[in-house]
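Please look over the structure below.

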Amino acid sequence: MLFQVGGQGTRPTFFEMSAAQQLPSSLRAALTYSLGVLALRRPFIHKILDYEDEFFALLMLLLETHSLRTTDASFAESLYGLRRRGVRIRLKKNSKLTDLGDEIHHTGLEKRKKVLSVVFLVVLPYLKEATLQASLWGVSDERLDDIDYLDGGGNTFELRSNSHVEASTRARLIKRLQKAIGACYPWIHAGNEGLSFAYQLLYLLDATGFYCVGLHALGIHVCRATGQELMDTSSRISKIRSRERESLRGPPWLKALQGGLLSCAYAVLDYAQNGLIAAVFFFKMMEWWYQSAEERMSAPSVYPPPHPPPPPKVAKDGIPLPPDRTLCPLCSQKRANPSVMAISGFVFCYTCIFKYVNQYKRCPVTLMPATVDQIRRLFHDM
């Protein structure tokens, strides 16, 4: 299965390299989610989840080794049609200018660089995760010393004291090592992240051909595979597998057994590769589905403003409203210290409405029951 991303030339775009680098983390999340769902009905799968780091590192070790042997690329890079090439820089003197120019020649990926690539892709990330967990949580395998309490001999106390001294010394050394790792790890991690960001920025600006520190240390460029290479991938894999079958030695029955085991191993690798790709697609689809659903549910609903309530009805026996809205209905003068009746919404002078409500206990316009506590001061009058 192959993803083709747009672009011209042999140099991959920044987005291709970023997608290839982020694929293992998405693959791990998809695999962990799938195992967690299966563990709900099969409790023994929890044992795999307890050793999640080791299980995923072993799986990626098999996939990366197989991919580098057959396609000269990592598992994620091969999906995007990328290949790893060794870099040889030859200096040449320009005949017209006095400065030195350089030529970059891409060569095939040597076996040593394939092994180092597996180390940078699998071993170092696993050690980084293990170091982080050890520095944060410490060692969890502390247990009681194996002491024979039933032994009645005289050496029981000596064995117990010796084992206790050795355990305490080992515990002190482990604690010191954990403190040293905890003190140094943030600086090492910050330096690594800073270098990664600098390399990615330079790669984005086309100032370097190395996307990360590991590729620069190995002297490897990631290039797009040509159309012929993509077409010859399956034939190359079949040639490698047939060559490995022919190199088998021993009696015919042993060759047949080894050939069957190789065929089974190749089938498992192919099935795991296709299954993991499908798991990534399934995980991404479910993540997009639930994320979009959550966004729709959590997004604030924007409703139109409600219509204003209808004005209160003026009572037949109430005081009529003046034609000028700026006048007080009680004194028919310009309102002074305008105040509103909360139950009706009509505005009066404060002294007028206070005396009227204090005496009659109602609104003068609507004749609705009211108290002086329902008078509200207005600080802006139209």
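E77 is buried, with a relative accessible area of 7%. (Buried means under 20% relative accessible area, exposed over 50%, and partly exposed in between, with a 1.4 Å probe and protein chains only.) The side chain of E77 meets that of R84 in a salt bridge, at 2.9 Å from N to O. R84 is buried as well, at 4% relative accessible area. This is a predicted model: local features need pLDDT of at least 70, side-chain atom pairs count only at pLDDT 80 or more, and totals for chains, interfaces and linings use all residues. Residues are numbered from 1 along each chain as its sequence is written, and side-chain values use heavy atoms, with hydrogens and water left out.

**Salt bridges**

- A salt bridge is a side-chain nitrogen of Lys or Arg within 4 Å of a carboxyl oxygen of Asp or Glu. By this rule the count is six.
- R224 forms a salt bridge with E16, and their closest N and O atoms are 2.6 Å apart. R224 lies in strand β3 (residues 220-224) and E16 in helix α1 (residues 14-39), so this pair ties together parts that are 208 residues apart in sequence. Both R224 and E16 are buried.
- Helices and strands here are DSSP runs, numbered from the N terminus: H or I with at least four residues for helices, E with at least two for strands.
- D53 and R28 meet through their side chains in a salt bridge of 2.1 Å, N to O. D53 lies in helix α3 (residues 52-71) and R28 in helix α1, so the pair ties together parts that are 25 residues apart in sequence.
- D53 is buried, with a relative accessible area of 14%. R28 counts as partly exposed, at 24%.
- Salt bridges that share partners join R28, E52 and D53 into one network.

**Cavity**

- On a 1 Å grid over the protein atoms alone, a cavity is a set of points where a 1.4 Å probe fits but cannot get out. A pocket is an open set with protein on both sides within 12 Å along at least five of seven lines. Lining residues have an atom within 4 Å of a point.
- Grid points are joined across faces, edges and corners, and a volume is the space filled by probe spheres set on the points.
- There is one cavity of 30 Å³ or more. About 50 Å³ of space lies in the largest cavity.
- Residues lining the largest cavity include R28 and E52. Among the others are L31, L35, F55 and F56.
- α1, α2 (46-50) and α3 each supply at least two residues of this lining. α1 gives the most, with four residues.

- The largest pocket holds about 1500 Å³ of space. Of the 39 residues that line this pocket, the closest to its centre are Q21, F120, L121, P125 and K128.
- Helices α1, α3, α4 (75-79), α5, α6 (156-204) and α7 (213-218) each supply at least two lining residues. α5 gives the most, with eleven.

**Helix α5**

- V123 has its place in helix α5 (residues 111-137). V123 is partly exposed, with a relative accessible area of 33%.
- F120, V123, L124 and L127 form a nonpolar patch on the surface, with about 300 Å² of accessible area together.
- Patches are made of residues with over 30% relative accessible area and no salt bridge: like charges are joined within 9 Å, and nonpolar side chains (Val, Leu, Ile, Met, Phe, Trp, Tyr) within 5 Å. Accessible areas come from the Shrake-Rupley method with a 1.4 Å probe; for residues, only the protein chains shown count as cover.
- A130 is also placed in helix α5, and is partly exposed at 31%.

**Strands**

- In a regular strand the side chains alternate between the two faces of the sheet. P338 and V340 point one way from strand β4 (residues 338-341), while S339 and M341 point the other way, and all are buried.
- β4 pairs with strand β5 (residues 347-349) in the antiparallel sense over three bridges. Two strands pair if DSSP finds at least two bridges between them.
- V340 has V347 in β5 as its bridge partner. The hairpin of β4 and β5 has five residues between the strands, and G345 takes a positive phi near 90 degrees there.
- β4 also pairs with strand β6 (residues 375-377), antiparallel and over three bridges. M341 stands opposite I375 in β6.
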